[in-house]
Amino acid sequence: MDNRKTIQSILDYIENNLKAEININELCSMAGYSYVHFCRLFSHYAGLSPSEYITRRRLIHAVYDISRGTTKVDIALSYGFETYAGFYKAFKREFNCSPSEFIQSYKGEKPYRINILQEEHIMISKNRIQKLLSHWNLQNKSVSNIYNENTGRKSENTYYIGEEYVIKFSANYGSIKNSISIANSLAESGLPVAEMIKTADGSEYLQDGELYFVVTKRIKGSQLKCEDIFKHTTIAYQIGSNIAQLHHALKAFDESNYKQADILGDVKSALPKVQNSVNLNDDFIKNFSIIFDKLPIQIIHRDINPSNMIFDEGEFKGFIDFDLTEVNIRIFDICYCATAILSECFNNADIDKSKWLEIFDNLVKGYESIIPLSEYEKQALPYVIYSIQIICIAYFSQFDKFDSLTKINIDMLKWIVNELKV
């Protein structure tokens with residue numbers, strides 16, 4: 001089990017036991033970490049210390065229960081506060097308003113359950129967004145939806161503000177905190193990233209109710225379309241070199257501030273779930289294991305897909321969305337980008353899929369124009385491609401709503417295995 005899954009299991013335990021006594025040392029034992037290591041990992045993913053997080057979740061659930069008509073004193077006591085006065089002071093300190101003011105503003109909405117393993121699904125109105133814009137002196141700007149230019153899917157946690165800005169929100173402070181940190185660090189290194197816009201009072205984010213909001217400058221240009229890459233495969237060379245430049249900047253960051261991934265462990269766990277669907281035997285794992293320990297690791301983007309790359313008239317303008325940034329084998333980003341490009345166009349009858357091999361080759365060559373790959377990395381490229389597909393299939397297969405994505409990724413993996421012929 002990787003660090004993220006371990007912390008998620010702790011978050012789930014906390015959520016299910018908010019009215020019981022929760023001992024931090026017991027949480028450490030459940031996670032299998034030392035106290036210091038546990039608190040550092042927890043703070044990285046949740047954005048708060050374990051005790052701060054538990055208090056916040058108790059407050060937000062308590063105020064929801066109060067909004068449902070339960071006696072205030074009974075609720076305060078049931079969530080571990082000695083008096084209602086103590087609960088009131090803690091609530092006001094956390095949310096900058098009284099419980100009754102919070103209920104009036106947010107109509108007693110049921111708390112969002114924090115899940116760091118899945119995409120957040122938070123539904124809030126444009127009207128609420130509009131009311132918040134005064135905090136950035138943007139109240140005269142319009143609010144409009146953002147659509148993925150490859151899939152047509154509407155973003156659920158970002159909006160355009162006028163033509164120049166983007167607002168993003170999350171119930172997970174850790175996600176917002178990490179986005180701010182990576183954006184600021186990359187900007188200081190001179191890489192093109194979305195500039196963070198501070199609020200009128202100088203804060204990097206706005207806490208409103210249970211949610212956290214950040215505003216960034218919108219990078220001029222548009223999301224890269226997969227169809228364009230298949231039509232002009234040399235674009236992949238530029239993408240590869242851009243990834244290498246990003247890696248060069250990320251190499252200077254402190255790895256201890258980011259989660260450590262374990263792709264080999266993940267694929268070992270996922271393979272049994274998909275082995276009946278795809279003909280990959282135990283030799284695949286054995287061969288990958290021999291190479292794996294020799295692969296360089298560093299901080300990577302982790303989600304480099306065409307929708308997270310902005311181009312303007314053929315010129316690269318920047319990467320966006322660093323929410324998943326982690327420490328991993330560095331060739332993961334190249335391989336993930338290659339699979340993402342293929343995934344978006346796999347069922348498009350107008351696309352010549354055979355050009356994907358040329359795209360993959362150009363990605364690697366572009367990367368090597370900046371950062372040469374070791375011989376072990378070159379040998380590992382197909383194994384990483386297979387691993388990414390296996391992990392995706394195992395993940396998507398857990399949810400009925402992703403049935404079509406599961407099938408596409410199974411078909412993709414079969415096709416890739418046949419084409420790469422490792």
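**Notes on salt bridges, a sheet and a helix**

1. Lys-378 counts as partly exposed, at 34% relative accessibility. The model is a predicted one. The side chain of Lys-378 forms a salt bridge with that of Glu-368, at 3.7 Å from N to O. This pair links distant parts of the chain, for Glu-368 belongs to helix 15 (residues 355–368) and Lys-378 to helix 16 (residues 375–396), ten residues apart. Glu-368 is likewise partly exposed, at 26%.

2. A further salt bridge, of 4.0 Å (N to O), joins the side chains of Glu-195 and Lys-217. Glu-195 lies in the loop between helix 9 (173–188) and strand 4 (196–197), whereas Lys-217 lies in strand 6 (residues 211–217), 22 residues apart.

3. Within helix 17 (residues 403–420), Lys-407 and Asp-411 are four residues apart, about one turn of the helix. Their side chains meet in a salt bridge of 3.0 Å, N to O. Lys-407 is exposed, because its relative accessible area is 53% and the threshold for exposed is over 50%. Asp-411, at 29%, is partly exposed.

4. Helix 14 (residues 331–345) is mostly covered, with 13 of its 15 residues buried. From first C-alpha to last, helix 14 reaches 22 Å, close to the expected 21 Å.

Notes. Residues numbered from 1 in each chain as written. Predicted model: local features only at pLDDT ≥ 70, side-chain atom pairs only at ≥ 80, totals over all residues. Heavy atoms only, no water. Helix = DSSP H or I, 4+ residues; strand = E, 2+ residues; numbered from the N terminus. Expected span 1.5 Å × (residues − 1). Buried < 20%, exposed > 50% of the residue type's maximum accessible area, 1.4 Å probe, protein only.
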